[in-house]
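Thanks for having me, everyone.

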Amino acid sequence: MARRWAGLWLTVAALASGCTHKPPYEGRSVAELQRMLDDPNPTVRVQGAQGLSRHGPEARSAVPALAKALQSSDALLRQQAALALGAVGPDARDAVPALTTSLDDPEWSVRRQAVLALGEIGPAARPAAEALRRLQSSDPNGLVRKAVEQALPKIAGG
């Protein structure tokens, strides 16, 4: 019986210790997360972008680095960078040209996230409106077209 309880206790302890593991970006400053974008490890770069997305407008200083990350060969990093730029919102207006270029990304998930980011930037993203309308009528992915439908009114200011 004591042996069974010992085994149960070890199982509970192992499960409990696994539940306390926090994501690598949690508790990090914007500056630390921005530095993660330049890490040689692709996983760390993605985690940096993901962490910046959780800081929202506080991550405005990382906008140039996030715009640069949109040019990465790593699709997940491009997607997370667009997510973070959308979370920054109107203060990410300087990234509109890079996000507009991302509307031609080969990965639908990156295109969709770029569209959503442009919508969150709002009226400052008006230079992208023409490209968004083109995407709305020609993108093969329905989720991208739906995102355009949602973003255009935000960009128009309505």
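What you see is a predicted model, in which local features need pLDDT of at least 70 and side-chain atom pairs count only at pLDDT 80 or more, while totals for chains, interfaces and linings use all residues. Residues are numbered from 1 along each chain as its sequence is written, and side-chain values use heavy atoms, with hydrogens and water left out.

Let us turn to helix 7, residues 108–121, bearing in mind that helices here are DSSP runs of H or I with at least four residues, numbered from the N terminus.

Is helix 7 largely enclosed or largely open? Ten of its 14 residues are buried, so helix 7 is largely enclosed by the rest of the structure, where buried means under 20% relative accessible area, exposed means over 50%, and partly exposed lies in between, using a 1.4 Å probe and protein chains only. Among the buried residues are V110, V115, L118 and I121, and what covers the buried residues includes helix 5, helix 6, helix 8 and helix 9.

Just after helix 7, G122 takes a positive phi of about 85°. P123 then lies in the loop between helix 7 and helix 8, and, at 40% relative accessibility, P123 counts as partly exposed. Although P123 and I155 are 32 residues apart in sequence, their C-alpha atoms are 4.3 Å apart in space. Leaving aside residues up to four places away in sequence, P123 touches K154, I155 and G157, where contact means heavy atoms within 4.5 Å.

That brings me to helix 8 and helix 9, whose axes come within 9 Å and cross at roughly 150°; axes are lines fitted to C-alpha atoms, for helices over the stretch in contact, and angles run from 0 to 180 degrees between N-to-C directions. That angle makes helix 8 roughly antiparallel to helix 9, a label for angles over 145 degrees.

Which residues of helix 8 meet helix 9? They are A129, L132, R133, L135 and Q136, and on the helix 9 side they meet V144, R145, V148, E149, L152 and I155.

Note on methods:
Helix = DSSP H or I, 4+ residues; strand = E, 2+ residues; numbered from the N terminus. Expected span 1.5 Å × (residues − 1). Parallel < 35°, antiparallel > 145°, perpendicular 65-115°, else oblique.
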